[in-house]
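This briefing concerns the structure shown below.

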Amino acid sequence: MLFLTKTISFANKNILIMKVLHFYKKTDKRAEQYISVLAGAIKEKAEYKYCCNLRTFHDELKNWNPDIVHLHGCWHLSIAIAAKIAAQKHIRTVITPHGQLEPWIMGQHRWTEKIPKLITYQYRTLQKASAIFAMGRMEANYLKAKNYNPNIEIVLNSLITDSINDKTMAQQVINVYRK
């Protein structure tokens, strides 16, 4: 259930604003850039905050009470921990793997890294997400074939392709948030 926490008047229309907390690994500059573009393009439709450590994340959940937690990336334990904390507080989560679930990535360090992490936490994190954002058809097909989660949404990344602009990307993300 999505709770939209703020209503503003804009051009004589009431618009519901949702609160979105983004969480990413500090060293993931690609995710940081994506969040910046996304946040700039959806500022009329969502308030956002972002953090890259679990202490700040926990504080923001407690004090700010977001409607949605948007996790960026995979394979780092902090992402799984953030997902678990959000679930305990009954806050919906969505995940953007940023290509980290592409088939060729899954083949790298398969037995020493990917399989152990899938077994211990990654599969459960993906399975419990409200939605997973795939940035292309190949990634979406792979995710569907692996049965990680039935709610796969394709939202192209305006930072890596000219076939979508920032506003359209942001609108597609907002539409998924509202589902």
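The accessible surface of the protein comes to about 9,600 Å², and 53% of it belongs to carbon and sulfur atoms; such areas follow the Shrake-Rupley method with a 1.4 Å probe, and for residues only the protein chains shown count as cover. The model is predicted: local features need pLDDT of at least 70, side-chain atom pairs count only at pLDDT 80 or more, and totals for chains, interfaces and linings use all residues. Residues are numbered from 1 along each chain as its sequence is written, and side-chain values use heavy atoms, without hydrogens and water.

**Overall architecture**
- Seven helices and seven strands make up the secondary structure, where helices (H or I, at least four residues) and strands (E, at least two) are DSSP runs numbered from the N terminus.
- Along the sequence, the pattern is β-β-α-β-α-β-α-β-α-α-β-α-β-α.
- Of the 179 residues, 47% count as buried (under 20% relative accessible area; exposed means over 50%, partly exposed in between; 1.4 Å probe, protein chains only).

**Helix H6**
- Within H6 (residues 137–146), Glu139, Ala140, Tyr142 and Leu143 are buried.
- These residues lie on the same side of H6, because they cover an arc of only 165° around the axis, taken from the directions from the helix axis to the C-beta atoms.
- Exposed residues Arg137, Met138 and Ala145 are carried on the face turned away from the buried side of H6.

**His70**
- His70 is placed in strand S4 (residues 68–72) and counts as buried, at 0% relative accessibility.
- The side chains of His70 and Thr96 make a polar contact (2.6 Å), that is, a pair of N or O atoms within 3.5 Å; within protein, one must be able to donate a hydrogen and the other to accept it, and residues adjacent in sequence count only if both atoms are side-chain atoms.
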